Amino acid sequence: MDINQLVDDCINAVHERIRNLNTLNVAIVGKTGVGKSTLVNSVFRENLAETGVGKPVTQHMRKISKKGMPIQIYDTKGFELGKNAQEEVKEELRKLIADGVKSNDVNQAIHCIWYCINAVSNRIEPEEIEWIRKLTEDNQVYQVPIIIVLTQSISKRHAQEMKKVIENENLDVVNVIPVLAQDYEIDEDYMVKSYGLDTLIALMEEVLPEELEDTLSNVQKASLEMKIKKSQAAVATAAATAAGIGAAPIPFADAAVLIPTEITMIASITAFFGFELSKSVLTSLVSSVVGTAGATFLGRTVVSNLCKMIPGIGSVAGGAISGATASLMTTALGEAYIAVMVAMFKGEIKEKDLQTETGRKKLAELFKEKLQGKKR
Ligand SMILES: Nc1nc2c(ncn2[C@@H]2O[C@H](COP(=O)(O)OP(=O)(O)O)[C@@H](O)[C@H]2O)c(=O)[nH]1
Ligand SMILES: [Mg+2]
C-alpha cells in the first residue's frame, strides 16, 4: 500500500465519519442584545452565527446552518417586543418541538433549548420567569432539556446571586449557567476573561442523547477537554481491536492488517476535533507517521521504525507482532495524532505550516516525541 492510497483512504474515512454524524438542533430564546449570537459564535466553531446561512422558518425564528457542520441553530427574534410576541415565540417553539418529535428522525428533533438572560441587568423580569414556567409545563410531554444561560456575566458574584434568585423559582430546567462568551474590556488596564463555556458544553454532554455526543464534540470549540476525552476513548477501542488482531501473532511483513483499525481511529479523532483537513495536510500527517518522507511502502518499514522508537517493543520475539505490541503501537500512534490535533487546536501548528519543510519537521519531531512516550 503506498502513501497516496493511504491518504485517500484516510480522507474517505474522515469524510464518511463526519457525514454519518447526526445533526444537533438547538433552539435559542432571549431578547435582542442579550448575547445570543456572541454565545453561538464562541461555543461553536466557524463563527456559526456570523458566517452561517440564516433561513427564516417562522415569524420569530430563523434557522442557522453551515455546510459541513452537523448543527442547526433555531435563533429567535423579537422576544423583547412584548407579551404578544412572546406568546407567538412560545407557540412557534412548541410546534417546532412537536414537528420534530412527529418526524421520528433524530436529525429533525429539537435536542436542547438555551434560554438566555443578560446578567448585566439588575433584575429578572417576572414575565420572563412566567414565560419559562409555561414553557416547562408544555415541555412535560417531550422533555426537551432547557438550560438557562446567564449571558454577559461580567461579575461572577453578581451572576451567582442571579442564579440563586432563578433557582428559588423552582423551574423545571436542567441548570442555570453563568457565562461570559467573550473577554470583556473594562478599560485599557482591566479585562475580564471569558469563562463558563466549557461548563455549558459539559452540561450539554450530560443532557444530550448519546447519539449526539460525537456531533457535540465535532461542532463545539469551547471544550478541548471533551475532544481529548472522546479521542482517547477512540484510541482505547482501536488498541483493543489491534490486540485482538494480534492475538494470533502477525508476521512483521503483514503489519498492514492493522491499518484499517488505525484509519478508523484517525477518522474518529479528526471528527471529534472538527478539523476539515485538506489532502495536503493529511499527506503531511501520514508521511510523518510513516517516518521517512520517501517511504513508499508501509508494513515492514513502519513497523520496524515504530519498534525502534517505542521503548519496550525493540525486542519483538520471533519477528512477529503480538497482541500486546499491536495494541501498544496503535496507542502510540493515536496519542501522537491527538497531540498534533491539540497543537493545531491551540494554533501552535498551523495548517499552512504543514506545507513547509520546517512545519513538517516540527510535526515529525512531535510524533517522535509522543511515540517515545515523552511528555511535552
Ligand atoms: N465582551 C462581550 N460582549 C458581549 C458578550 N455577549 C454579548 N456582547 C455584546 O453585546 C452585544 C449584543 O450581542 P449579540 O450577541 O448580538 O446579542 P443577540 O441580539 O442576543 O444576538 C454585542 O455588541 C456584543 O458584542 C460577551 O460575552 N462579551
Ligand atoms: Mg443575534
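These legends describe close-up views of one predicted model.

**View 1. The chain as a whole.** The chain has 14 helices and 11 strands; helices (H or I, at least four residues) and strands (E, at least two) are DSSP runs, numbered from the N terminus. Of its 376 residues, 51% are buried. Buried means under 20% relative accessible area, exposed over 50%, and partly exposed in between (1.4 Å probe, protein chains only).

View 2. Arg45 sits in the loop between helix H2 (36-43) and helix H3 (48-51). Is Arg45 buried or exposed? Its relative accessibility is 9%, so Arg45 counts as buried.

**View 3. Helix H10 and Gly274.** Helix H10 covers residues 259-273. Here 13 of the 15 residues are buried, so H10 is largely enclosed by the rest of the structure. Gly274 follows H10 and has a positive phi, near 75°.

View 4. Glu46 forms a salt bridge with Lys66, with the closest N and O atoms 3.4 Å apart. The pair links distant parts of the chain: Glu46 is in the loop between H2 and H3, and Lys66 is in the loop between strand S3 (61-65) and strand S4 (71-76). A salt bridge is a side-chain nitrogen of Lys or Arg within 4 Å of a carboxyl oxygen of Asp or Glu. Glu46 is partly exposed, at 38% relative accessibility. Lys66 is partly exposed too, at 25%.

View 5. Lys90 and Glu87 both lie in helix H4 (residues 83-103), three residues apart, about one turn of the helix. Their closest N and O atoms are 3.6 Å apart. Lys90 is buried, at 8% relative accessibility, whereas Glu87 is partly exposed, at 37%. Arg94 and Glu91 also lie in H4, three residues apart. Their salt bridge has its closest N and O atoms 2.8 Å apart.

**Notes.** Residues are numbered from 1 along each chain as its sequence is written, chains are lettered from A and ligands numbered from 1 in the order in which they are written, and side-chain values use heavy atoms, leaving out hydrogens and water. In this predicted model, local features need pLDDT of at least 70, side-chain atom pairs count only at pLDDT 80 or more, and totals for chains, interfaces and linings use all residues.

Notes:
Expected span 1.5 Å × (residues − 1).
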